[in-house]
Amino acid sequence: MPVYWGCVIPTVQYAYEMSVREVMPQLGVELIDLENASCCGTPVQSVNMVAAVYLAARNIAIAEKMGFTNLLAVCNGCHLSLFEATHFLNHDEKLRDQVNALLKEEDLQYSGRMKIWHTIDFLHDMIGEDAIKKAATHPLNELKLAVHYGCHILRPSSVGTVDDPENPQKLDQLIEWLGAKSIPYPEKLDCCGAMLMLSHPDAAFTFTGLKLKAIQELGADAVVDSCPSCQNMFDVRQKSAAATTGAKLNMPVVYYTQLLGLAMGISQEKLGLNLNRSPVDEFLQKALVH
């Protein structure tokens, strides 16, 4: 399976990459890095949409040239960028010809046959319940977990998404296949605040802090996400969110692939759990009892 890592994961959120590289082979998935991959295009969308679509299409075309028809984009933002590009290119022949003219300079071509996967729908729809349950040799019974999907794999609904944008269930089910309980909460679809960090950091930290406070008051053992930007807010910047909102936050935050790895019996070090900045020690003790 070819995998597109994007920019944030290999440079900041190493634990996500480590955990994905650990769990996928145990599910029979051979990960193959894209050759000469570039930015997904998200950073230039607001100034040059054609350039953004070209950058996304370039990565898809590289996977096509390597002989693949499926591509795993593990970052929520990158997944949306690649997914939107396929939507625009498949519905706008003029744009597609313009982009293919640029790709031709590198002997690349966008054909429109690539299926773009995210970690969540790939594990849920492609790998499936039986394989996940079989791999979870150390079930996480009695853990109460709060899921956070992140906006970019659910919105905008007009281009198709990883899950139902109004009532997503795939991440909840992936957690329950490991033996844990996914707890419902009203703030489940609320934003993490990351998109406001550059323009309105206080508002961003308020989003983060209020959601974590609501989850903590429910007695959840941890927050589970699958987005490097969301993890950066909930995990890395939890202290800033607590200071902004005046809340006493002490909430463990882990990637789903780290949780899956624990259920597989993979060591904490290999899953990068020592790199998490939120207080995960007590959670790990509870998780590893089972």
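This is a predicted model: local features need pLDDT of at least 70, side-chain atom pairs count only at pLDDT 80 or more; totals for chains, interfaces and linings use all residues.
**Helix packing**

Helix H3 spans residues 49-65 and helix H4 spans residues 76-91; their axes lie 9 Å apart and meet at an angle of about 105 degrees. Angles of 65 to 115 degrees count as roughly perpendicular, and H3 and H4 are therefore roughly perpendicular to each other. On the H3 side, the contact is formed by Met49, Val53, Ala56, Ala57, Asn59 and Ile60. H4 contributes Ser81, Leu82, Ala85, Thr86, Phe88 and Leu89. Sorted by class, the contact of H3 with H4 comprises nine nonpolar and three polar residues, with no charged residues.

**Nonpolar cores**

The largest nonpolar core contains 80 residues, and Ile132, Tyr256 and Phe283 have the most contacts inside it. Helix H3 gives the most to this core, with nine residues. Leaving out residues up to four places away in sequence, Tyr256 touches Leu123, Ile132, Leu171, Leu174, Ile175, Leu178, Val224 and Asp225. Another core, of 22 residues, lies apart from the largest one; among its members are Ala194, Met233, Phe234 and Ala242. In soluble globular proteins, nonpolar side chains tend to be buried together.

Helix H10 (residues 228-236) is largely enclosed by the rest of the structure, because seven of its nine residues are buried. The buried residues of H10 are Pro228, Cys230, Gln231, Asn232, Met233, Phe234 and Asp235.

**Asn76 and Ile153**

Asn76 lies in helix H4, while Ile153 is placed in the loop between strand S5 (144-147) and helix H8 (170-176). A residue counts as buried under 20% relative accessible area; the values for these two residues are tabulated here.

| Residue | Relative accessible area | State |
|---|---|---|
| Asn76 | 0% | buried |
| Ile153 | 1% | buried |

The side chain of Asn76 makes a polar contact with the side chain of His118, at 2.7 Å. Not counting residues up to four places away in sequence, Asn76 touches His118, Tyr149, Gly150, His152, Ile153, Ser226, Cys227 and Pro228. Pro228 is also one of the buried residues of H10.

Apart from neighbours within four places in sequence, Ile153 is in contact with Asn76, His79, His118, Ile120, Thr161, Val162, Asp163 and Ser226. The C-alpha atoms of Ile153 and Asp121 are separated by 9.7 Å, with the two residues 32 apart along the chain.

Conventions:
Residues are numbered from 1 along each chain as its sequence is written. Side-chain values use heavy atoms; hydrogens and water are left out. Axes are lines fitted to C-alpha atoms, for helices over the stretch in contact, and angles run from 0 to 180 degrees between N-to-C directions. Helices (H or I, at least four residues) and strands (E, at least two) are DSSP runs, numbered from the N terminus. Angles under 35 degrees count as roughly parallel, over 145 as roughly antiparallel, 65 to 115 as roughly perpendicular and the rest as oblique. Contact means heavy atoms within 4.5 Å. Ala, Val, Leu, Ile, Met, Phe, Trp, Tyr, Cys and Pro count as nonpolar, Asp, Glu, Lys and Arg as charged, and the others, Gly among them, as polar. A nonpolar core is a set of buried Ala, Val, Leu, Ile, Met, Phe, Trp, Tyr and Cys residues joined through side-chain atoms within 4.5 Å. Buried means under 20% relative accessible area, exposed over 50%, partly exposed in between (1.4 Å probe, protein chains only). A polar contact is a pair of N or O atoms within 3.5 Å; within protein, one must be able to donate a hydrogen and the other to accept it, and residues adjacent in sequence count only if both atoms are side-chain atoms.
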